Amino acid sequence: MDFNLTEDRQMLADSLNRYLGDKYPVEHRNAVAYDLPCHDDGKWAELAELGALFALSPESAGGFGGTGFDIAVVFEALGRTLCPEPMLGAAMAARILTALEQDQEALLSGATKYAVALAEVDAPYDLQAMECSAVAQGDGHALTGRKTSVYGGQVADVFLVAAMLNGAPALFSVQAAAAQVVGYPMMDGAGAAELLLDGTPAQLLAADAGAIIADAVNAGIVALCAEAVGVMDVVHATTVDYLKTRKQFGVPIGKFQVLQHRAVDMLTEIEQARSITIKAASELGGPDAGRFASMAKNMIGRAGRLVAEEAIQMHGGIAMTWEYPVSHYAKRLIMLDAQLGDTDYHLSRVMADLAA
Amino acid sequence: MDLSFSENDIAFRDEVRSYLADNLPTAMTEAVRKGGELTKEMMEEWHAILQRKGWLATIWPKEYGGPGWTPVQRHIFEEECCRAYAPRIVPFGLNMLGPVLIEFGTQAQKEYYLPRILSGEDWWCQGYSEPGAGSDLASLKTRAVRDGDHWVINGQKTWTTLGQHADKIFCLCRTDPEAKQQQGISFILVDMNTPGIEVRPIRLIEGGHEVNEVFFTDVRVPAENLVGEENKGWTIAKFLLTHERTGIAGVGFSMQSLEEVKALARKIRRGGKRLIDDPLFAARIAQAEVDLEAMKITNLRMLFKAQQQGAPGPETSILKIKGTVIHQELKDLARRALGPVAAPFPGYLAEGNIMFGPDGTEHNAARYFNNRKTSIFGGSNEIQRNILSKAALEL
């Protein structure tokens, strides 16, 4: 047993943390976030040079990572600085392209940005119910329907789109230029897009792609959970620091036992969240990946809400301001719950296992 | 025991309901429903509509222009206003300064200021909190020094709600730095147009502007703007705390939010089923409804007690603690119900002309974040627990 990172992953973590801490501090982050395109092309290229993208795929596909732990290392670092760059789409697309043994050089170098379009307004989490559909057209296919909340879609060059083909979910590739893309910034500062498809030309990547999509979602969940752990670590450290320095009634407020206990409760939940994220990362790609991804996302949803709300409450008014970074971290934690299935959705998946 | 309202109260409720139906403009209820920020003009217009009927200063005695209502009538009025999606009353002049002047003001102060509050001529804001004095309000440092016929004020106030619209501010200032903390504070009225005052906006977590910082640099204020005795401002601050407690449970707002969440869960579809048919989400709504049903009665029990005893007791802190938590939970559900559709930053949706969630839900995530304030302001829920443990439990 060894819960340490391998030397390579530790080096990657260190270099990403150092780079993001220096080059993507909160002032820069807030300047990039909340307004289109919610993306800094130069920083994206530098992140790619540091290997943030190569870490998302295995050597066989041209990368140097590709396991759950590799993904977790990258996203935990992104979480620590609330980096809004469109990395989730890259991680999920890399997973899909690897499974399909498709060339992904342009993705891993950062030259081409990918977004993965799964959710729909009436089927945000459970893709069995999606209505976007494909028909054969000439040499390729044509897609019709609306994909919602496509993370990173506001700057994507290529969309990997899930749509129904002959009654089964299939995966297609759609060029951004061929579709109507409505980008927008989100409450947590990152960008997304609505993808409006109306007989839009698409290239079929895989028919009957349910298993490939599920694997990409599991990888995305590991990424989001690791990101949340990074966010929570910073929020907790900032809160504890505030408890030690903020004085009211003549003493640092951290002297009040009620706040001490609540800070400890936050820590307990964060450690539990870290543990289940490690578990989900270790199972990624295996037969039980979905079950542990669901457990992790459920736990992260609950811990994230507690940490966000308690951090604000224990700080008081200051954490309600745009100027104080904890507010942005809290928004990220809360909004992350609705990505790739929320607390309840993933609990229901764990519940379904009980009946099996 | 009898939980029903008296015949008089029911007649009163019907009267309120029909006045609101006839006089509350649709543009206002729409703005409230959508949950964005209301304009100053809208708030002023609403005040004027209520004042025409004599229902604006609901907690003032009749002789000063109040309606002379019982606590139960005030409760009914607030509940009906929520039910009708009326804007909230801006409380600083009407529910805070008004009662202070009536209790502690000179005849001249009452005659000058009270009519101006009723007419809407003066928009007041509150100068209490400072960067270093939040929960520990008595540690405030803003200084007022007597110089002939004037006070000279230096310092900084913060969290000044709607101060950007205000003509005047009532301040707690330190007038005796040698005295024990609570004993060297005075309550002073300041015209916001006095030279030396600067108002700077504070942008909130969700992006909105409702609070401000107010800076005072050698601000000269006439000596007669002192309310009550010099160095006795803390008595006024404590008095105000009891008046800030009308409607503290926010039951009407929570009832409004509960109905919104139920309607939303019936409208939203997840994979071919209504969200309300998802047992996990339904359980969350039901749980909040149970809590709110109990809170309604807790609120009425405390109203009843206040009506019998003449003043609310320290146990009303229970209303603040539980009332805010229930309301915040409902705001969480309103955001959660939308799932990823709650994510877009409000304001971008109209441009693309794409509807995301059901109509009027654009601000649901923003409102969830904004409402985290309610367990912090007006005496944080931690301070309310201190009050309860000391005053009610004598611990």
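Which residues in α5(A) meet which residues in α7(A)?

1. Helix pair α5/α7, chain A. This is a predicted model. In it, A:L88, A:A91, A:M92, A:R95, A:I96 and A:A99 are the residues of α5(A) that meet α7(A). Their partners in α7(A) are A:I212, A:D215, A:A216, A:A219, A:G220 and A:A223. By class the contact has nine nonpolar, one polar and two charged residues.

2. Geometry of that pair. Helix α5 of chain A covers residues 87-99 and helix α7 of chain A covers residues 210-245. Their axes come within 9 Å and cross at roughly 145°. The crossing of α5(A) past α7(A) is right-handed.

3. Helix pair α4/α8, chain A. Helix α4 (residues 68-80) and helix α8 (residues 257-283) of chain A pack with their axes 7 Å apart, at an angle of about 135°. On the α4(A) side the contact is made by A:G68, A:F69, A:I71 and A:A72. On the α8(A) side A:T277, A:A280, A:A281 and A:S282 take part. The residues of this contact divide into five nonpolar and three polar, with no charged residue.

4. Domains of chain A. The assignment for chain A gives domain 1 (7-112), domain 2 (115-207) and domain 3 (212-355). The C-alpha centres of domain 1 of chain A and domain 2 of chain A are separated by 22 Å. Between these two, 17 residues of domain 1 are in contact with 18 residues of domain 2. The domain 1 side of this contact comprises 13 nonpolar, three polar and one charged residue.

5. Domains of chain B. Here the division is into domain 1 (7-89), domain 2 (124-231) and domain 3 (245-392). The C-alpha centres of domain 1 of chain B and domain 3 of chain B lie 21 Å apart. Contact between them involves 15 residues of domain 1 and 14 residues of domain 3.

6. What domain 1 of chain B presents to domain 3 of chain B. Two elements give two or more residues to this side of domain 1: α2 (26-34) and α4 (71-83) of chain B. Of the elements, α4(B) gives the most, with nine residues. By class, the residues on this side are five nonpolar, four polar and six charged.

7. Overall form of chain B. The secondary structure of chain B comes to 13 helices and 10 strands. The radius of gyration of chain B is 22 Å, close to the 21 Å that the globule rule gives for 395 residues, so chain B is as compact as a globular protein of that length. Along the principal axes, the C-alpha trace of chain B spans about 75 × 55 × 50 Å.

8. Contact between the chains. Chain A contributes 40 residues and chain B contributes 35 residues. On the side of chain A that touches chain B, the strands that give two or more residues are β3 (140-151), β6 (180-185) and β7 (191-206). The helices of chain A that do so are α9 (289-315), α10 (326-336) and α11 (343-355). The chain A side divides into 21 nonpolar, 11 polar and eight charged residues.

Key: Residues are numbered from 1 along each chain as its sequence is written. Chains are lettered from A and ligands numbered from 1 in the order in which they are written. This is a predicted model: local features need pLDDT of at least 70, side-chain atom pairs count only at pLDDT 80 or more; totals for chains, interfaces and linings use all residues. Domain bounds come from an automatic or database domain assignment. Two residues are in contact if their C-beta atoms, placed from the backbone, lie within 7 Å. Helices (H or I, at least four residues) and strands (E, at least two) are DSSP runs, numbered from the N terminus. Ala, Val, Leu, Ile, Met, Phe, Trp, Tyr, Cys and Pro count as nonpolar, Asp, Glu, Lys and Arg as charged, and the others, Gly among them, as polar. Axes are lines fitted to C-alpha atoms, for helices over the stretch in contact, and angles run from 0 to 180 degrees between N-to-C directions. A crossing is left-handed if the near helix is turned anticlockwise from the far one by less than a right angle, and right-handed if clockwise. The radius of gyration is taken over C-alpha atoms; the globule rule is 2.2 Å times the number of residues to the power 0.38.
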